[in-house]
Amino acid sequence: MLVKTYGSAIIGVRAVTVTIEVNVCQGLGFNMVGLPDNAVKESSQRVTSAIEMSGRKVPGKRIIINLAPADLKKEGSAYDLTIAVGILGANGDLNAETLDRYVIMGELGLDGTLRPIKGALPIAIEARSRHCKGIILPAQNAREAAIVNNLEVYGAENLKQVIDFFNGEGTIAQTSFDTRAEFARSLNNYEFDFSDVKGQNNVKRALEIAAAGSHNAILIGPPGSGKTMLAKRMPSILPPLSLSESLETTQIYSVAGKMRKEDALISIRPFRSPHHTVSDAGLCGGGSNPQPGEISLAHNGVLFLDELPEFKRSALEVLRQPMEERRVSISRAKMSIDYPAAFMLIAAMNPCPCGYYNHPTIECTCAPGAVNRYLNKVSGPLMDRIDLHIEVTPVPVTELGKSVPSESSAVIRERVIAARAIQTERFKNNPAVHCNAQMTSKLTRQYCELSAECRTIMETAMNRLGLSARAYDRILRVSRTIADLSGCENISSEHLSEAITYRSLDRDSWGK
């Protein structure tokens, strides 16, 4: 008897339908075709044990399984449940009449229990697009899949529950999820807040500007000055995720298997902080079985690179294209996958190998030229894509002892949201541009016009401070953001002067 069941394969951040055809016929043997990898081939042992532990017998006949489309490689253990249901249906131990209405996925243990899988959300989205009635998957993945409306989601604990469900001998509780209510409930659950930070008002101001215009920023300062502490609080002042952004980010985490058991939806902006030993593929994604990298996991959030010069040069260079295009393309011989990567880069570094160059009280012990060699570990093209260079100095002991509370993240965020609203209106006719940092050269000239006084200030800065030509557009975009925070239509000399102060690493005198 031939029976068809339906599962899904993950390609990038989307799923495609896989039809599992099972035929139980005369003969002996267990044959599987359709480009299964080793994990799928090994399912025969797991499925056999799970069926027996569920009170059924594996047919003593020839079992032929085809995973269609046959030219698409099937990977992972998530097809166990789909195959088991197909075998039972083909052998007459399970009512196969309604199998075509459901997508069935799950990894089986030898005792028949179901273990969680990756990509439950895109699988559920694909099931709805095929107009399936529902989806059956492990209970641990049910809340995640239930985000998709107009689809019945059943989270099963074991294979026996699934058998009883199709035979009408038992039920599986349908999982429901109020996406909007859950999204609103956890929208502002931030662990870190700027109210915890003592002093560093100039750095807070710079990070507020970065958040308002989505500008990349680098923090330069000695050890213990608070660079990491400040960076960790960056997501708390960014505008809240929209529901569509939340679903995009959740889909990436679902595919990567990074969803926490208690979460069904990513409702706050991600903050990713990979160690400096991360590989190229770990940062941008890839591998023999392509997976999202750190830059995609930071989509719609912050990618924090601490101790920037310690990262491998090749790993840092892969950031350049995604920073411009807000996506990363991974090409293989038989496929090309695009992962979204609209992240905001925040980096931190010491000013020199010993860490105390420009320190107010501790003398730098580095040899002549060591500072420049240290800074040159980060390439010019990458530094060119960082708008704000922020110098962080240690907080005086007298400031640490003050009990006066600092400005909270909620207050700063309100100003950031107001500035972003101005930019949304400004770029409403440019769907590819959402904030000032994304302006093209043409848009920069259009929206960053300078008065005669401002042009004089810019010329003076370029000449006296030794600023490079590449800093010109960056300064204009940052000054446009500062003007937006002030609610000003035009860029004034104060806005431009402040923007110029955030180009520390472009000065000829730095490190000499």
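Which backbone oxygen does the side chain of H389 reach? In this predicted model, the side chain of H389 comes to 3.4 Å from the backbone oxygen of I386. The protein chain has 512 residues, of which 52% are buried, and its secondary structure amounts to 22 helices and 18 strands. The points below begin with the chain as a whole and then turn to particular helices, rings and loops.

**The chain as a whole**
- H389 itself belongs to strand β18, which covers residues 388-391, and it counts as buried because its relative accessibility is 1%, where buried means under 20%. The points below begin with the chain as a whole and then turn to particular helices, rings and loops.

**The chain as a whole**
- The secondary structure of the protein chain amounts to 22 helices and 18 strands, and its C-alpha trace spans about 90 × 50 × 45 Å along the principal axes.
- Among contacts with a separation of 6 or more, 74% are between residues 24 or more positions apart.

**Helix α4**
- Helix α4 runs over residues 120-129 and is mostly covered, with seven of its 10 residues buried.
- The buried residues of α4 are A120, L121, P122, I123, A124, E126 and A127, and the elements that cover them include the strands β1, β2, β5 and β8 as well as the helices α5 and α10.
- Just after α4 comes H131, which takes a positive phi of about 60°.

**Helix α6**
- In helix α6, which spans residues 159-167, the buried residues are L159, V162, I163, D164, F165 and F166.
- The cover over these buried residues includes the helices α2 and α3 together with the strands β5, β6, β8 and β9.
- At the start of α6, a side-chain oxygen of N158 comes to within 3.2 Å of the backbone nitrogen of K160, and just after the helix G168 takes a positive phi of about 75°.

**Aromatic rings**
- The chain holds seven aromatic pairs.
- In the pair of Y102 and F165, the ring centres are 5.8 Å apart and the planes stand at 85°, so this pair is edge-to-face.
- This pair links distant parts of the chain, since Y102 is in strand β5 and F165 is in helix α6, 63 residues apart.
- Both Y102 and F165 are buried, and together with Y154 and F166 they form one aromatic cluster.

**Backbone geometry in the loops**
- Most residues other than glycine have a negative phi, and most peptide bonds are trans.
- A cis peptide bond, with omega of about 5°, joins A68 and P69, and P69 is found in the loop between β4 and α3.
- R326, in the loop between α14 and β15, has a positive phi near 60°, and it counts as partly exposed because its relative accessible area is 26%.
- N358, in the loop between β17 and α15, has a positive phi near 65°, and its relative accessibility of 48% makes it partly exposed.

Notes
Residues numbered from 1 in each chain as written. Predicted model: local features only at pLDDT ≥ 70, side-chain atom pairs only at ≥ 80, totals over all residues. Heavy atoms only, no water. Buried < 20%, exposed > 50% of the residue type's maximum accessible area, 1.4 Å probe, protein only. Helix = DSSP H or I, 4+ residues; strand = E, 2+ residues; numbered from the N terminus. Contact = heavy atoms within 4.5 Å. Polar contact = N/O pair within 3.5 Å; in protein donor to acceptor, adjacent residues only side chain to side chain. Phe/Tyr/Trp six-rings, centres within 6.5 Å; stacked < 30°, edge-to-face > 60°.
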